[in-house]
Amino acid sequence: METIKKGVFLKMPVITNVWSKVVEDNGRFFSTAVVESIAEFGFKVNKQENGIVLEGNARLNIPEGIVIVKDGLLQEISLSQLAPEVVLIELKLEHPADFRVEVLPGIPVRTVISAGRGFLKELFADKKIVIDPGHGGTDHGGRGPVNLLEKNVVVPIALSLEGLFRQAGAKTTLTRRHDGNITLRQRIYPAKKEKADLFLSIHTRFCKDCNSGGSVVLYNPFSGQSNILAWWILAELSQVLKITARGIGEGSELKMLGEIPAVSIEVVTISNWVEEGLLRSPTIHRKAAQGIFNGVKNYLFFGKGEYR
Ligand SMILES: [Zn+2]
(Lines give C-alpha, C1' and ligand atoms only; values in the text may rest on other atoms or scores of the structure.)
Protein backbone atom coordinates (compact mmCIF):
# COMPACT_ATOMS: atom_id res chain seq x y z
CA MET A 1 0.00 0.00 0.00
CA GLU A 2 1.42 3.34 -0.98
CA THR A 3 0.22 6.90 -0.70
CA ILE A 4 1.92 9.57 -2.75
CA LYS A 5 1.52 13.29 -2.34
CA LYS A 6 3.15 15.64 -4.78
CA GLY A 7 3.28 19.40 -4.89
CA VAL A 8 5.17 22.48 -5.89
CA PHE A 9 6.90 24.05 -2.94
CA LEU A 10 8.18 27.56 -2.74
CA LYS A 11 9.91 27.39 0.61
CA MET A 12 12.57 24.83 1.48
CA PRO A 13 10.68 22.20 3.49
CA VAL A 14 12.50 21.87 6.79
CA ILE A 15 11.28 19.55 9.56
CA THR A 16 11.49 21.35 12.88
CA ASN A 17 9.88 18.94 15.34
CA VAL A 18 8.41 15.44 15.70
CA TRP A 19 6.17 14.41 18.58
CA SER A 20 3.53 11.89 19.45
CA LYS A 21 0.15 11.82 21.17
CA VAL A 22 -2.87 9.53 21.53
CA VAL A 23 -5.98 11.28 20.17
CA GLU A 24 -9.68 10.48 20.01
CA ASP A 25 -11.75 10.92 16.88
CA ASN A 26 -15.44 9.95 16.94
CA GLY A 27 -14.93 7.45 19.74
CA ARG A 28 -11.92 5.83 18.09
CA PHE A 29 -8.42 6.24 19.44
CA PHE A 30 -5.28 6.76 17.38
CA SER A 31 -1.58 6.85 18.11
CA THR A 32 -0.29 9.81 16.14
CA ALA A 33 3.14 10.94 15.02
CA VAL A 34 3.10 14.65 14.26
CA VAL A 35 5.80 15.98 11.93
CA GLU A 36 6.12 19.77 12.06
CA SER A 37 7.72 21.61 9.16
CA ILE A 38 8.06 25.18 7.95
CA ALA A 39 6.46 24.25 4.61
CA GLU A 40 4.49 21.39 3.11
CA PHE A 41 6.65 18.62 1.67
CA GLY A 42 6.08 15.79 -0.79
CA PHE A 43 6.11 12.28 0.64
CA LYS A 44 5.21 8.66 0.10
CA VAL A 45 4.07 6.28 2.80
CA ASN A 46 4.52 2.52 2.97
CA LYS A 47 3.07 0.06 5.41
CA GLN A 48 5.54 -2.53 6.57
CA GLU A 49 5.20 -5.65 8.67
CA ASN A 50 5.81 -3.92 11.98
CA GLY A 51 5.30 -0.31 11.14
CA ILE A 52 4.76 2.62 8.81
CA VAL A 53 7.49 4.35 6.82
CA LEU A 54 7.18 7.89 5.48
CA GLU A 55 9.77 9.06 2.99
CA GLY A 56 9.65 12.82 2.61
CA ASN A 57 11.39 15.42 0.46
CA ALA A 58 12.59 17.58 3.30
CA ARG A 59 15.53 18.38 5.52
CA LEU A 60 15.75 17.59 9.22
CA ASN A 61 16.45 20.54 11.46
CA ILE A 62 16.45 18.25 14.50
CA PRO A 63 18.92 15.47 15.32
CA GLU A 64 18.60 12.10 13.64
CA GLY A 65 17.75 9.28 16.02
CA ILE A 66 14.94 7.54 17.85
CA VAL A 67 12.06 9.08 19.77
CA ILE A 68 10.78 6.49 22.28
CA VAL A 69 6.98 6.63 22.58
CA LYS A 70 5.73 3.32 24.06
CA ASP A 71 2.04 4.25 24.22
CA GLY A 72 0.90 0.63 23.96
CA LEU A 73 0.84 0.67 20.15
CA LEU A 74 3.48 3.08 18.84
CA GLN A 75 6.81 1.95 20.21
CA GLU A 76 9.16 4.51 18.69
CA ILE A 77 9.70 6.96 15.84
CA SER A 78 13.05 6.96 14.11
CA LEU A 79 14.30 9.88 12.03
CA SER A 80 17.06 9.75 9.47
CA GLN A 81 18.33 11.97 6.67
CA LEU A 82 18.84 9.51 3.79
CA ALA A 83 20.03 12.13 1.32
CA PRO A 84 20.34 15.95 1.50
CA GLU A 85 16.61 16.37 0.90
CA VAL A 86 15.23 12.92 1.67
CA VAL A 87 14.00 12.19 5.16
CA LEU A 88 12.92 8.79 6.45
CA ILE A 89 10.42 8.73 9.32
CA GLU A 90 9.73 5.22 10.58
CA LEU A 91 6.99 4.37 13.06
CA LYS A 92 7.58 1.06 14.81
CA LEU A 93 4.30 -0.51 15.94
CA GLU A 94 3.86 -3.25 18.53
CA HIS A 95 0.63 -4.53 16.94
CA PRO A 96 -1.07 -4.39 13.54
CA ALA A 97 -2.93 -1.15 12.84
CA ASP A 98 -4.67 0.65 9.99
CA PHE A 99 -3.32 4.12 9.35
CA ARG A 100 -3.91 7.42 7.58
CA VAL A 101 -1.84 10.50 6.83
CA GLU A 102 -3.16 14.07 6.86
CA VAL A 103 -1.47 17.38 6.15
CA LEU A 104 -2.75 20.24 8.31
CA PRO A 105 -1.78 23.64 6.93
CA GLY A 106 -0.62 26.35 9.32
CA ILE A 107 2.49 27.59 11.01
CA PRO A 108 4.03 25.10 11.39
CA VAL A 109 2.59 22.72 8.80
CA ARG A 110 1.69 19.46 10.53
CA THR A 111 1.91 16.13 8.72
CA VAL A 112 0.04 13.70 10.96
CA ILE A 113 0.41 9.92 10.70
CA SER A 114 -2.40 8.23 12.67
CA ALA A 115 -2.44 4.52 13.55
CA GLY A 116 -5.73 3.03 14.80
CA ARG A 117 -5.71 1.59 18.30
CA GLY A 118 -8.57 -0.85 17.62
CA PHE A 119 -6.29 -3.74 18.48
CA LEU A 120 -6.15 -2.58 22.11
CA LYS A 121 -9.94 -2.28 22.20
CA GLU A 122 -10.24 -5.94 21.23
CA LEU A 123 -7.63 -6.98 23.76
CA PHE A 124 -9.24 -5.09 26.66
CA ALA A 125 -12.92 -5.51 25.73
CA ASP A 126 -14.97 -6.68 28.74
CA LYS A 127 -11.89 -6.93 30.96
CA LYS A 128 -12.67 -6.05 34.57
CA ILE A 129 -9.70 -4.50 36.34
CA VAL A 130 -9.57 -3.47 39.99
CA ILE A 131 -6.96 -0.85 40.85
CA ASP A 132 -6.06 -0.53 44.50
CA PRO A 133 -4.06 2.51 45.66
CA GLY A 134 -2.26 1.20 48.76
CA HIS A 135 -2.65 2.53 52.33
CA GLY A 136 -4.69 5.68 53.07
CA GLY A 137 -5.92 7.66 56.07
CA THR A 138 -3.87 7.02 59.20
CA ASP A 139 -1.90 4.36 57.32
CA HIS A 140 0.71 6.50 55.56
CA GLY A 141 2.69 3.64 54.06
CA GLY A 142 6.31 4.54 53.33
CA ARG A 143 7.69 7.99 54.07
CA GLY A 144 10.44 9.47 51.91
CA PRO A 145 13.53 11.30 53.23
CA VAL A 146 11.81 14.63 52.39
CA ASN A 147 8.50 13.45 53.89
CA LEU A 148 6.57 12.43 50.79
CA LEU A 149 3.96 9.84 51.79
CA GLU A 150 3.27 6.65 49.88
CA LYS A 151 -0.50 6.90 50.48
CA ASN A 152 -0.58 10.20 48.57
CA VAL A 153 1.59 9.37 45.54
CA VAL A 154 -0.16 6.11 44.68
CA VAL A 155 -3.51 7.86 44.02
CA PRO A 156 -2.50 9.96 40.98
CA ILE A 157 -0.72 6.92 39.50
CA ALA A 158 -3.89 4.84 39.99
CA LEU A 159 -6.11 7.54 38.45
CA SER A 160 -3.81 7.87 35.45
CA LEU A 161 -3.81 4.09 35.04
CA GLU A 162 -7.60 4.03 35.20
CA GLY A 163 -7.70 6.57 32.36
CA LEU A 164 -5.48 4.39 30.17
CA PHE A 165 -7.50 1.23 30.82
CA ARG A 166 -10.80 2.99 30.13
CA GLN A 167 -9.45 4.45 26.92
CA ALA A 168 -8.55 0.89 25.88
CA GLY A 169 -12.11 -0.26 26.62
CA ALA A 170 -11.64 -2.05 29.98
CA LYS A 171 -13.98 -1.71 32.96
CA THR A 172 -12.20 -0.39 36.01
CA THR A 173 -12.91 -0.11 39.72
CA LEU A 174 -10.76 1.82 42.18
CA THR A 175 -10.76 0.74 45.83
CA ARG A 176 -10.23 4.37 46.86
CA ARG A 177 -9.97 7.71 45.08
CA HIS A 178 -9.32 9.92 48.08
CA ASP A 179 -7.36 9.78 51.28
CA GLY A 180 -9.06 7.61 53.90
CA ASN A 181 -8.77 4.38 55.86
CA ILE A 182 -9.98 1.23 54.15
CA THR A 183 -9.80 -2.32 55.42
CA LEU A 184 -8.10 -5.20 53.68
CA ARG A 185 -11.54 -6.70 53.11
CA GLN A 186 -12.74 -3.49 51.42
CA ARG A 187 -9.77 -3.72 49.08
CA ILE A 188 -10.40 -7.34 48.18
CA TYR A 189 -14.22 -7.38 48.07
CA PRO A 190 -14.81 -5.50 44.77
CA ALA A 191 -12.50 -7.87 42.88
CA LYS A 192 -14.23 -10.93 44.35
CA LYS A 193 -17.74 -9.57 43.81
CA GLU A 194 -17.16 -8.55 40.22
CA LYS A 195 -15.04 -11.62 39.43
CA ALA A 196 -12.31 -9.29 38.25
CA ASP A 197 -9.87 -10.38 35.57
CA LEU A 198 -7.03 -8.50 37.24
CA PHE A 199 -6.25 -6.90 40.59
CA LEU A 200 -3.47 -4.30 40.65
CA SER A 201 -2.37 -2.81 43.94
CA ILE A 202 -0.20 0.32 43.67
CA HIS A 203 2.57 0.90 46.21
CA THR A 204 6.07 2.25 46.55
CA ARG A 205 9.04 0.25 47.78
CA PHE A 206 10.65 1.12 51.10
CA CYS A 207 14.11 0.03 52.21
CA LYS A 208 14.78 0.78 55.87
CA ASP A 209 18.55 0.51 56.08
CA CYS A 210 19.71 0.90 52.52
CA ASN A 211 20.01 3.49 49.78
CA SER A 212 19.01 1.22 46.92
CA GLY A 213 16.34 2.21 44.44
CA GLY A 214 14.23 0.44 41.86
CA SER A 215 10.91 -1.31 41.49
CA VAL A 216 9.58 -4.66 42.70
CA VAL A 217 6.36 -6.46 41.77
CA LEU A 218 4.78 -8.96 44.17
CA TYR A 219 2.34 -11.55 42.87
CA ASN A 220 -0.49 -13.74 44.13
CA PRO A 221 0.99 -17.23 44.54
CA PHE A 222 -2.53 -18.79 44.47
CA SER A 223 -3.07 -17.66 40.88
CA GLY A 224 -0.86 -19.47 38.38
CA GLN A 225 -0.61 -16.53 36.01
CA SER A 226 0.17 -13.79 38.47
CA ASN A 227 3.93 -14.28 38.30
CA ILE A 228 3.85 -13.79 34.52
CA LEU A 229 1.77 -10.64 34.97
CA ALA A 230 4.35 -9.45 37.52
CA TRP A 231 7.27 -10.01 35.13
CA TRP A 232 5.61 -8.11 32.31
CA ILE A 233 4.75 -5.15 34.53
CA LEU A 234 8.22 -5.04 36.08
CA ALA A 235 9.89 -5.13 32.66
CA GLU A 236 7.78 -2.36 31.12
CA LEU A 237 7.66 -0.17 34.22
CA SER A 238 11.42 -0.18 34.80
CA GLN A 239 12.01 0.51 31.11
CA VAL A 240 9.63 3.49 30.97
CA LEU A 241 10.95 4.99 34.23
CA LYS A 242 14.58 4.05 33.47
CA ILE A 243 15.06 2.56 36.92
CA THR A 244 16.33 -0.75 38.30
CA ALA A 245 14.05 -3.78 37.98
CA ARG A 246 14.79 -5.44 41.32
CA GLY A 247 12.67 -8.51 40.74
CA ILE A 248 9.40 -10.17 41.60
CA GLY A 249 8.31 -12.05 44.72
CA GLU A 250 5.31 -13.64 46.41
CA GLY A 251 2.89 -11.26 48.11
CA SER A 252 1.20 -13.13 50.95
CA GLU A 253 -1.70 -10.64 51.32
CA LEU A 254 -2.62 -11.22 47.69
CA LYS A 255 -3.50 -14.84 48.52
CA MET A 256 -6.87 -13.50 49.70
CA LEU A 257 -7.76 -12.98 46.04
CA GLY A 258 -7.77 -16.71 45.40
CA GLU A 259 -7.38 -17.47 41.72
CA ILE A 260 -7.68 -13.87 40.50
CA PRO A 261 -4.42 -12.76 38.84
CA ALA A 262 -3.17 -10.12 41.26
CA VAL A 263 -0.03 -8.08 41.76
CA SER A 264 1.25 -5.46 44.15
CA ILE A 265 3.40 -3.00 42.22
CA GLU A 266 6.11 -1.16 44.15
CA VAL A 267 6.58 1.49 41.50
CA VAL A 268 9.82 3.07 42.76
CA THR A 269 11.65 3.23 46.10
CA ILE A 270 10.31 6.13 48.17
CA SER A 271 13.12 5.78 50.75
CA ASN A 272 15.68 6.59 48.06
CA TRP A 273 15.93 10.37 47.86
CA VAL A 274 16.36 10.46 44.07
CA GLU A 275 13.31 8.29 43.50
CA GLU A 276 11.30 10.19 46.10
CA GLY A 277 12.05 13.23 43.95
CA LEU A 278 10.72 11.41 40.88
CA LEU A 279 7.47 10.74 42.71
CA ARG A 280 6.80 14.48 43.02
CA SER A 281 6.44 14.79 39.25
CA PRO A 282 3.03 14.36 37.56
CA THR A 283 4.95 13.34 34.42
CA ILE A 284 6.44 10.42 36.33
CA HIS A 285 2.98 9.44 37.63
CA ARG A 286 1.75 9.29 34.03
CA LYS A 287 4.83 7.41 32.87
CA ALA A 288 4.50 4.88 35.69
CA ALA A 289 0.86 4.34 34.72
CA GLN A 290 1.89 3.89 31.09
CA GLY A 291 4.54 1.33 32.08
CA ILE A 292 2.02 -0.65 34.14
CA PHE A 293 -0.52 -0.44 31.30
CA ASN A 294 2.05 -1.70 28.78
CA GLY A 295 2.92 -4.61 31.07
CA VAL A 296 -0.74 -5.60 31.44
CA LYS A 297 -1.23 -5.23 27.68
CA ASN A 298 1.70 -7.57 27.00
CA TYR A 299 0.42 -10.03 29.59
CA LEU A 300 -3.00 -10.12 27.91
CA PHE A 301 -1.42 -10.46 24.49
CA PHE A 302 1.58 -12.75 25.05
CA GLY A 303 1.68 -13.85 28.66
CA LYS A 304 -1.29 -16.10 29.04
CA GLY A 305 -0.74 -17.62 25.62
CA GLU A 306 2.75 -18.72 26.58
CA TYR A 307 1.65 -20.00 29.92
CA ARG A 308 -1.23 -22.17 28.70
ZN1 LIG B 1 2.76 0.05 50.47
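This is a predicted model: local features need pLDDT of at least 70, side-chain atom pairs count only at pLDDT 80 or more; totals for chains, interfaces and linings use all residues.

Colleague: OK, what volume does the largest pocket have?

Modeller: Its volume is about 670 Å³. The lining is made up of 23 residues, and V69, K70, D71, K287 and Q290 are the ones nearest the centre of the largest pocket.

Colleague: Which elements give two or more residues to that lining?

Modeller: Those are β2 (14-25), β7 (65-68), β8 (74-83), α2 (150-167), α4 (226-241) and α6 (282-307). With five residues, β2 gives the most.

Colleague: And where does the largest pocket lie relative to the domains?

Modeller: It lies between domain 1 (2-116) and domain 2 (121-307), because both of them give residues to the lining.

Colleague: How does that lining split by class?

Modeller: You get eight nonpolar, seven polar and eight charged residues around the largest pocket.

Colleague: Switching over, how much space lies in the second largest pocket?

Modeller: About 350 Å³. There are 18 lining residues here, with H135, S201, H203, E253 and S264 closest to the centre of the second largest pocket.

Colleague: Which element supplies the largest share of its lining?

Modeller: That's β14, with four residues. The elements that each supply at least two residues are α3 (184-193), β14 (198-205) and β17 (262-269).

Colleague: What about the classes in the second largest pocket?

Modeller: Its lining has five nonpolar, seven polar and six charged residues.

Note on methods
Residues are numbered from 1 along each chain as its sequence is written. Side-chain values use heavy atoms; hydrogens and water are left out. On a 1 Å grid over the protein atoms alone, a cavity is a set of points where a 1.4 Å probe fits but cannot get out, and a pocket is an open set with protein on both sides within 12 Å along at least five of seven lines; lining residues have an atom within 4 Å of a point. Grid points are joined across faces, edges and corners, and a volume is the space filled by probe spheres set on the points. Ala, Val, Leu, Ile, Met, Phe, Trp, Tyr, Cys and Pro count as nonpolar, Asp, Glu, Lys and Arg as charged, and the others, Gly among them, as polar. Domain bounds come from an automatic or database domain assignment.
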